[in-house]
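The following exercises are to be worked with the sequence and the structure in view. Each task is followed by its solution in steps.

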Amino acid sequence: MSAIVVLIFGSLLVSIGFLIAFIWAVKSGQFDDNYTPSIRMLLDDKADNNEKKKNKSKEGEE
Amino acid sequence: MSRIETKTIDAKVFHRQDNKGRILCDHCNEVCPDTSIVSGDKVFCCPGCRLVYEILAENDLCDYYNIDENAGSTQNKPFHTSKFEYLDDEAIIQKLLDFSDGNSAKATFYIPDMHCSSCVWLLESLYRINDAITYGSVNFLKKELSVTFDIKRISLRGVVELLTSIGYEPQINLESIHKKINKESDRDLYIKIGVAGFCFANIMMLSFPEYLVRYDKVEPQIKTVFTYLTLLLSLPVFFYSSMDYFKSALKGWKQKMVNMDVPISLGILTLFIRSAYDILSGVGTGYMDSFSGLVFLLLVGKLFQKKTYDTLSFDRDYKSYFPVSVTKKEGAKETTVPLENIKKGDRIIIRNQELVPADAVLISGKAYIDYSFVSGESDPVPLISGDIIHAGGRQIGGVLEMDVIKDISHSYLTRLWNDDSFKKEQESKITLLSNTISKYFTVIVLLLSGGSALYWLRSDLTMALNSLTAVLIVACPCALALSTPFTLGNVLRIFGKNKFYLKNISVIESLARINSVVFDKTGTITRSRTAKVDFIASPGTREELSAEEIHEIYSLVRESGHPLSRYIYNYFPAQRALPVSDYQELIGQGIKGRIGGREIMLGSNSFLRIEKKNKKDSTSSIVYIKINGKFRGYFQISNAYRPGLKKVVGALIDKYNLYLLTGDNDSERLRLSEIFMNKAKLYFNQSPFDKLNFIKMLQKKSERVMMIGDGLNDAGALKQSDVGISISEDVNTFSPACDAILEAGHFERLNDFIRLSKLSLNIILISFSISFIYNLIGLYFAMQGTLSPLIAAILMPVSSISVVLFTTGSTAFLAKRIKLL
């Protein structure tokens, strides 16, 4: 009897943790704009690559 | 071909070229008129573009050009340094800042030029140009930039000027200082769904053993723990997630209106109270799983129907177009004052490209006013001192001085917004189908539950209570409540894919019920950026233009920004422009210039000093041509009707009363009645107020009106009509307050949109009957008082899911048949 009750309460606690995490995410505005981050996360990467390429090509010209 | 290229720039360096070999600007990708504007090995179309490039190069931000091919936008715009003077005004600063603590401040700007990933990168890298800016974050869909900056080191004006200098001028207008950001309601719904979903899943898990056959053998303490846990978990669902339904039902009840939320609340309430009673009194285990599942599904439906278009705004008024401030003249002193402080009798100064904010009388200066956004009329009007200039006109040309004669909110155009139709926020102009049905539904449910309770009351009190609550529970129109949001939400998305953007789902129902269609003319059934151009040779020569002459005229009109020049420019096939010398543009008169020793003149008859043609049709504009002093003929430029117009009219004419309202005179009456097959009523010379009153008049005759318009002059009529559709060449630019925005290219699908709306109402009716069948099955058990939690737990989700599948599937199927998908 006690084992299953303890397990149930344990699992409830864990899932409540996730619920709180979700509520925090919504309240901090992470669901307000779900498009721009998709551009932003590509940018740094790409910009760095281009910088390297450009530096290389500049060196080549000189 | 590349005569100029080799002369002025290093031919070895690669320059971007279009398919005709013309050199493209290294910043904005537009064709360079010549190659005189250079910086390093780059070529630019205008000094503005070069300036932006130099700022970026200086700060090592040239990656900008590598991220997206179409990074820059042209900087060929007029700009004067005092333009942002008003941003030094403390009152305006306070209104524009989102937040400020004396050190760091935050402001959010709307930046119309934002268009690609390069823009996002650059705007978020602002701190690299000026280290007083600490943080920048872009919302691409809303075209918004929020900047946090050190207000002690850079002023708000400094930030705006910095943005403008790199080619991203923020749009600051009267509305930006009145704005209220309302994001919270959306977040609320997410959290409500999250909580309901969480509780639903856990309650399901805890009630699952209940449905197993061998559950009787389990220790009673575990049963008690489980049932009490479900009660505990259902509390947040009841007191938090479902609150909106109670509020809305109560509100409806107070206004003596039975909306769909009344039977829903009734169902939720009995479901919860009965279950809580069962659990607390130890009679049974309750229906908490059905209860939380129901709330969860209803909320998901709510989210589904709430498709919003971030980039579009459906409730703009004149404030979105009016500036924040204006230059006021007192004695010899000129000051920039907030527009709100302008009163009758003030003397104001309006420069080139500035908007006249209030009705005023012209004192000095040569006024040449473009009323295109008041009336849709593209030809600017010349005015002389003493004339009245209406608010909303834009000056093209020199500096004007004028005396304000009316308050801003009481000017000719802005008065429109004082009308009653703008005052009350009409939630829905028609009684929604679901509300009509739920009225009868509630009455029937109450009768049935009361009836069965009375029947049992004679023999058994508990049975009576049991059947009373069971009927209310089963009859809860869960499937009914889901069919509307899922059907209409799906239709809304299908329309969105076809560039027809609706404000909310109730517009679909209104659209299905209209019986009159009112068109505006200019910009609505005519195209606003193209026109029909005909060349008529002078009677003396009767010669068509030679290829050489066409080339010369093409090169000359290219220099001018006047709408008529643009029409002629677009009329000719694109070709390489010849260099023009001695170019002159006389505002309101015409243009002239020399090409290869020949003098070309284009413009009005007085400018060319020739006799005016007797033109029959006054809607078309005439541009006369003189080459080397010899009259060659004229261009006749008239309205071009939208290509799909005949198709649209043909499809609508038998089913609806058609009307046409236009601010223009009746010179095109013949052509228009031919298009409308003599069946539409045409009204000419209609002021914005006439249009508004006309719609009111139709509605008094109980016609349900769809109005299609575009300019601010239609704003009143769009707002008053049952469905106001604003048509726009570019949906991101301008549209007055309306229920729907239609991209001009999809105008010809108008009838298909109405058809799908009508069909979607049929789908709702069918799904209503499906859910009624489920209700009947449930009622069969409920009235006998034998509704077990198991039956409820099966019936509820099965009916909901089948309705959701049916509605989304059938709308998609029908949209495919109409070829909207």
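**Exercise 1.** Determine which residue in S9(B) stands opposite Lys329(B), and in what sense strands S7 and S9 of chain B pair.

*Solution.* Step 1: Lys329(B) faces Arg347(B) of S9(B). Step 2: strand S7 (residues 325-330) and strand S9 (residues 347-350) of chain B are antiparallel, with three bridges between them; strands are DSSP runs of E, at least two residues long, and helices are runs of H or I of at least four, numbered from the N terminus, while pairing requires at least two DSSP bridges. Step 3: both belong to an open antiparallel sheet of six strands, ordered S8-S7-S9-S15-S10-S13 (chain B). Step 4: strand S8 (333-338) and strand S13 (388-389) of chain B form the edges, each pairing on one side only.

The model is predicted: local features need pLDDT of at least 70 and side-chain atom pairs pLDDT 80 or more, whereas totals for chains, interfaces and linings use all residues. Residues are numbered from 1 along each chain as its sequence is written, with chains lettered from A and ligands numbered from 1 in the order in which they are written.

**Exercise 2.** Explain why strand S27 (residues 723-728) of chain B is largely enclosed, and identify its partners.

*Solution.* Step 1: six of its six residues are buried, so the rest of the structure largely encloses S27(B); buried means 20 or more other C-beta atoms within 10 Å of the residue's own, with C-beta atoms placed from the backbone. Step 2: Val723(B), Ile725(B) and Ile727(B) point one way, and Gly724(B), Ser726(B) and Ser728(B) the other. Step 3: S27(B) runs parallel to strand S26 (residues 705-709) of chain B, joined by four bridges, and Met706(B) has Val723(B) as its bridge partner. Step 4: four bridges also link S27(B) in parallel to strand S28 (residues 740-743) of chain B, where Glu743(B) is the partner of Ser728(B).

Note on methods: A residue is buried if 20 or more other C-beta atoms lie within 10 Å of its own, exposed if 12 or fewer, and partly exposed in between; C-beta atoms are placed from the backbone.
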